Amino acid sequence: MSTAPDHPYILVRRPAASLNDGIVTFRDREPIDLDLAAKQWEAYVGIFAEHGWGIVEVPVADDLPDSVFVEDVVVMFDDFAVITNPGAPARNPETDAIPAVLDELGIEHTKINDPGTLDGGDILKIDRIVYVGLTGTTNAEGTAQLRAAVEPRGFEVRQVPVTKALHLKSAVTALPDGTVIGYAPVVDDPSLFDSFLAVPEEPGSHVVVLGPDEVVMSDQAPRTEALLADRGLKINTVGISEYEKLEGCVTCLSVRVRR
């Protein structure tokens with residue numbers, strides 16, 4: 001068994017040669033600049049490396065267009081992983097490589113099985129609360145299987161409706177202090193979250209927490225960047241335009257392993 005990097009570290013997967021064929025649901029299809037996508041992926045990973053995070057690469061899968069969005073296929077709960085069962089059948093093979101990677105890292109894991117479906121992009125964790133978006137990709141049975149797997153480990157699962165975006169985390173994410181942020185026009189019911197802050201730009205809805213006062217976000221939301229900086233956060237921006245064309249965001253491109 002391989003030795004896992006010191007915590008924290010991220011799981012990532014390089015963009016597939018077939019990235020242009022990725023699934024698009026809530027926006028018009030645009031051509032992908034594969035060279036730019038590769039550079040943006042390197043820059044994204046580089047931010048974590050510069051902050052001392054270890055980098056673990058899942059083998060690239062050039063025949064799986066959406067495989068770069070590795071967050072959708074595995075979700076971490078402390079030192080336990082749940083391998084998902086993507087709602088889009090074409091994405092099911094993306095999970096095939098994950099068990100071997102987790103085994104090499106010494107991470108215990110389980111899997112969501114039919115008829116349950118679940119995408120990692122529909123999971124928002126805030127401390128021990130797990131918000132699960134009910135979407136076109138995650139169903140009630142998938143949520144029930146997730147609850148059975150993680151509630152015995154001290155997590156509380158809460159279902160929330162998502163009808164205006166592809167995934168829950170296409171609409172909302174959370175700041176280091178647990179405040180949920182989102183672009184109000186695509187959030188079904190902000191009152192379902194214990195604390196909600198509306199942001200002025202849709203790309204500003206998505207952050208990855210690097211530390212207690214630091215986040216990563218898209219470079220396409222300058223007003224939101226200023227809003228979050230005024231709250232005392234250090235902001236690391238990155239260009240992810242080619243992934244945003246496929247309804248991706250900064251959370252989708254990695255799985256964070258913090259313990």
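Visitor: What makes up the lining of the second largest pocket, by class?

Guide: This is a predicted model. By class, five nonpolar, three polar and five charged residues form the lining of the second largest pocket. Its volume is about 290 Å³.

Visitor: What volume does the largest pocket have, and which residues are closest to its centre?

Guide: The volume of the largest pocket is about 790 Å³. Of its 32 lining residues, Lys125, Ile126, Asp127, Val209 and Arg258 are the closest to the centre.

Visitor: What makes a residue part of a pocket lining?

Guide: A lining residue has an atom within 4 Å of a point of the pocket. In the largest pocket, 16 nonpolar, six polar and 10 charged residues count as lining.

Visitor: Which strands each supply at least two residues of that lining?

Guide: They are β3 (74-77), β6 (123-126), β9 (172-174), β12 (207-211) and β15 (255-257).

Visitor: Why are β3 and β5 called edge strands?

Guide: The open sheet has three strands in the order β3-β4-β5, with mixed pairing. β3 and β5 (108-111) each pair on one side only, so they are its edge strands. Neighbouring strands of this sheet are turned against each other by 25° on average, with direction ignored.

Visitor: How do you know that β3 and β4 pair?

Guide: Pairing requires at least two bridges. β3 and β4 (residues 80-83) have four bridges, in the antiparallel sense, so they count as a pair. Phe77 has Phe80 of β4 as its bridge partner.

Visitor: Which helices lie across β3, β4 and β5, and at what angles to β4 do they run?

Guide: Helix α2 (residues 98-105) lies across the three strands and runs at about 175° to β4. Helix α3 (residues 140-150) also lies across β3, β4 and β5, at about 165° to β4. In total, the protein chain has six helices and 15 strands.

Visitor: Why does the radius of gyration agree with a compact globule?

Guide: For 259 residues, a compact globule would have a radius of gyration near 18 Å; the protein chain has 17 Å, so the two agree. The C-alpha trace spans about 45 × 40 × 40 Å along its principal axes.

Conventions. Residues numbered from 1 in each chain as written. Predicted model: local features only at pLDDT ≥ 70, side-chain atom pairs only at ≥ 80, totals over all residues. Heavy atoms only, no water. 1 Å grid on protein atoms, 1.4 Å probe; cavity = no way out; pocket = protein on both sides within 12 Å on 5 of 7 lines; lining within 4 Å. Points joined across faces, edges and corners; volume = space filled by probe spheres on them. Nonpolar A, V, L, I, M, F, W, Y, C, P; charged D, E, K, R; others polar. Axes fitted to C-alpha atoms, helices over the stretch in contact; angles between N-to-C directions. Contact = heavy atoms within 4.5 Å. Rg over C-alpha atoms; globule rule 2.2 N^0.38 Å.
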